[in-house]
Amino acid sequence: MAVNCCLVILIYLRTSLCTEGTNTTENTNITLGDSNHTSNYRDEILNITELGVGPNVTAADLPASTDRTPEYVTGLPDLIKSTESPIPDSPPATAAPVPLPVSGVPPVPVTDDEDLLFATPEVPTDQNVDSVFGRFTKYFFGRSNVSSAPDVRSSPGYGYGDVIQTVNKEGQLEFFTFPASAGTAHCLDSNPAGFLKEQTSRCMRSFDLARDCTTLGTLGLGNYLNFSIRSGKIQEAKVIAVEVAAITLQSLEGTQMPVDPADSGSYFPVLLQSGDVCNNVVQQVKYTFVYNKAGEILNVMAAFLLGAVKNVMVPIQQEFQIMFLQVNSQTTGLKYSGNPGYVLGRPLVAGTRTANGIVQFVDPKGSLTTLQTSVDQDCLRGSSRRSPVLFGIDTVSGCTLKLSDGVNCSLVSEVILWAVKGQSFPDHVASFGNSLPQNPLDWVPIQNQTISSGAQACSIPLSYHLEVKWTKYGALLNPQAQIVSIMETIITNTSSLAFITSAGGLLSVTSSVSFVDVSASATPGFKVPPTIDAKLPFDFFFPFV
């Protein structure tokens, strides 16, 4: 009887587990998601083959027991037909991308759809770079709003390195060019100059003197004045003409003479009758741009050195310089040398006192300068070869002057003083590096003394010396350099010219500058020890006393 019952049960199980899909050769994956299935049920499923059933089983053929129904059943589309979780024939439509918020934290990206993940990025171009930058820049460094950022392009003036715009005589827009050497020593006239980029260039100019003296534009002063400067980059910018600030004429021997810059139109290149000398040739041009805090150019000045050139001097060397001076509410185009005390290596601030205050020199040639030593050591070239007196740096220089018999003594004395002191010698020096001209009490007068022994019919300066005394002012941890006095000393000859000149009639002149620290040595200070002022009662030591 037990054997018959077992046979009936096996036949029933075989009949119930067989499916019409036994001919299929494709496999079906069955995933058991219920972790509470018993080990007997798992063994029963795994031993289906032992009962003679093929490996192809569908979800409908499994037992309908509620505690054994797997949670997830996956299979091939042609084998499993389920109405509860159908497999779509086509992917769903891609949702439109959500725009970024105006501010705040970026949204969490949605990763359900692989097409929102791999969307084609927007490539920045010249047309959309501003919009793309504005969409993403708000998340840089935690910034939630970029509307407060200043727009540099809306500034009416120039930015650092911007090419300066000019307008020619025909009204056409051009750029300010600065002659310089490029590759070779010869001048390249199409070199653009950047705003706030100070530079000095020297280059060689080759030409045929007889043919190009009056026709080559780069030799004449007018070539560097035939344009106007635009004050800024905007369309409403003002047009500023270049102002001639100074003109100096130089002879073949090197003697220089300043002339009135108002007559600049009359100093054009001229070929002398001899045919081998071209006069009024541009040898040096210095531009000075005055601008404000907004980068707008307010004024442009040019200083020229015009000289005579002979045939044997061609090619000539031309020098070009560009400087930028910023104005503020208190001073106009002034450069400081410290704040407040002088900084080592900065030029001394000098000026001339008038009834209205101190007139401070802007041009470095007009400030306190000293003779610059040259190869030829010619005193006649001393006015053009000068160096500013730098704070804390001692210098020694000199020059020679050839004297002939019967020379005018007063003329020689004037030439030497002009060489060692400069054309325009100031009479005051700023005590601090940032002393303002409207405060005359902050300026120190330049004292002078002349040392000579014996009475000589001809008194010629042989030595010129500047002694600058300074002290350390302020706190011991951060002292500031302050000039307290300055003295110029001139030593004249003590004998006749015949004894002070060499065999060839050469007279030697020396020039020097020294800085003396007169600061008092710092001494440590200590507080006064406290005094004991105690009053004891009369019987304090009773009964001992």
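Biologist: Which residue forms a salt bridge with Lys-233, and how far apart are the closest N and O atoms?

Modeller: In this predicted model, Lys-233 forms its salt bridge with Asp-162. Lys-233 sits in the loop between strands E6 and E7, and Asp-162 in the loop between helix H4 and strand E1, so the pair ties together parts 71 residues apart in sequence. The partner is Asp-162, with the closest N and O atoms 3.1 Å apart.

Biologist: Is Glu-319, the salt-bridge partner of Arg-202, buried or exposed?

Modeller: Those two have their closest N and O atoms 3.5 Å apart. Arg-202 lies in strand E5 and Glu-319 in strand E13, so this pair links parts 117 residues apart in sequence. Arg-202 is partly exposed at 48% relative accessibility. Glu-319 comes in at 16%, and since the cut-off is under 20%, Glu-319 counts as buried.

Biologist: And the salt bridge of Asp-212 and Arg-211: what is the relative accessibility of Asp-212?

Modeller: Those side chains meet at 3.0 Å, N to O. Arg-211 is exposed, with a relative accessible area of 58%. Asp-212, though, counts as buried, at 12%.

Biologist: Let's move to helix H6. What should its 13 residues span, and how far apart are the end C-alpha atoms?

Modeller: H6 covers residues 409-421, and at 1.5 Å a residue it should span 18 Å.

Biologist: Which element gives the most residues to the largest nonpolar core?

Modeller: That core has 37 residues, and Tyr-342, Phe-391 and Val-429 are among those with the most contacts inside it. Several elements give two or more residues, including strands E18, E21 and E23. Buried residues of H6 include Val-412, Ile-416 and Trp-418. The top contributor, with five residues, is H6.

Biologist: In which sense does strand E8 pair with E12, and in which with E9?

Modeller: E8 and E12 pair over seven bridges, with Glu-243 opposite Met-301. E8 and E9 pair over four bridges, and there Ile-247 has Val-259 as its bridge partner. So with E12 the sense is parallel, and with E9 it is antiparallel.

Biologist: Which residue takes a positive phi in the hairpin of E8 and E9?

Modeller: The hairpin has five residues between its strands. One of its residues has phi near 100°, and that is Gly-254.

Notes. Residues are numbered from 1 along each chain as its sequence is written. This is a predicted model: local features need pLDDT of at least 70, side-chain atom pairs count only at pLDDT 80 or more; totals for chains, interfaces and linings use all residues. Side-chain values use heavy atoms; hydrogens and water are left out. The expected span of a helix is 1.5 Å times one less than its number of residues. Buried means under 20% relative accessible area, exposed over 50%, partly exposed in between (1.4 Å probe, protein chains only). A nonpolar core is a set of buried Ala, Val, Leu, Ile, Met, Phe, Trp, Tyr and Cys residues joined through side-chain atoms within 4.5 Å. Two strands pair if DSSP finds at least two bridges between them. A salt bridge is a side-chain nitrogen of Lys or Arg within 4 Å of a carboxyl oxygen of Asp or Glu.
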